[in-house]
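Hi everyone, thanks for coming. Let me put the model up, and then we can walk through its aromatic rings together.

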Amino acid sequence: MEPKYTRETRCFKVSRVFPTDVNNHDTLFGGKLMSYIDDIASISVSKLCRSAAVTASTDSVDFLQPIRPTDSVSLESFITWTGTSSIEVFVKVIREDLRSGERKIAATSFLTFVALDERGKPTPVPQIVPETEEEHKLHETAEQRALMRKHRREESKKFADYLVTKYPWE
């Protein structure tokens with residue numbers, strides 16, 4: 001399978017922040033931003049593997065700056081690392097004050113997807129080749145994040161054994 005360059009998976013989305021998009025603090029709803037993040041990440045994944053894929057985890061969403069109705073919100077996503085069938089996606093969120101033009105990183109996020117074949121089983125994906133300094137830094141640090149994900153998943157499975165599925169009214 002031919003490797004792919006990170007640039008082949010890069011996606012962009014720019015949106016305006018409307019009054020219906022904000023919470024009682026007059027900032028963009030976190031859930032709305034998370035929806036944007038999952039959406040754009042899935043497109044980067046499709047550009048990589050050209051097959052079905054599912055979100056295995058949203059590894060992190062770090063909200064760094066509030067996004068207000070006077071801002072636009074820009075998302076940039078690209079693949080940072082691939083395993084056999086797993087894919088790590090990075091999403092950078094930039095808020096731009098539409099009055100002053102000032103831009104700041106508003107959030108960052110890492111997600112993991114798994115590519116699936118026609119039977120819904122994990123399928124191999126191309127390796128990713130970084131080119132820019134930013135891409136190389138994210139690629140070099142990806143294996144450590146993959147180990148943390150694996151550990152967190154194992155802990156989540158253990159924790160799930162203690163959770164009840166019975167409704168309170170039963």
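There are three aromatic pairs here, where rings of Phe, Tyr and Trp (its six-membered ring) pair if their centres lie within 6.5 Å, with planes under 30 degrees apart called stacked, over 60 edge-to-face and the rest tilted. This is a predicted model, so local features need pLDDT of at least 70 and side-chain atom pairs pLDDT 80 or more, while totals for chains, interfaces and linings use all residues. Residues are numbered from 1 along each chain as its sequence is written, and side-chain values use heavy atoms, leaving out hydrogens and water.

Take phenylalanine 78 and phenylalanine 90: they pair edge-to-face, 5.7 Å centre to centre, with 65° between the planes. Phenylalanine 78 sits in strand E4 and phenylalanine 90 in strand E5, 12 residues apart; strands are DSSP runs (E, at least two residues), and helices are too (H or I, at least four), numbered from the N terminus.

Phenylalanine 90 also pairs with phenylalanine 110, this time tilted, at 5.1 Å centre to centre and 45° between the planes. Because phenylalanine 110 is in strand E6 and phenylalanine 90 in strand E5, that pair ties together parts 20 residues apart in sequence.

Buried means under 20%, exposed over 50%, and partly exposed in between (1.4 Å probe, protein chains only).

For contrast, look at phenylalanine 159 in helix H3, residues 142-160: that one is exposed, at 53%.
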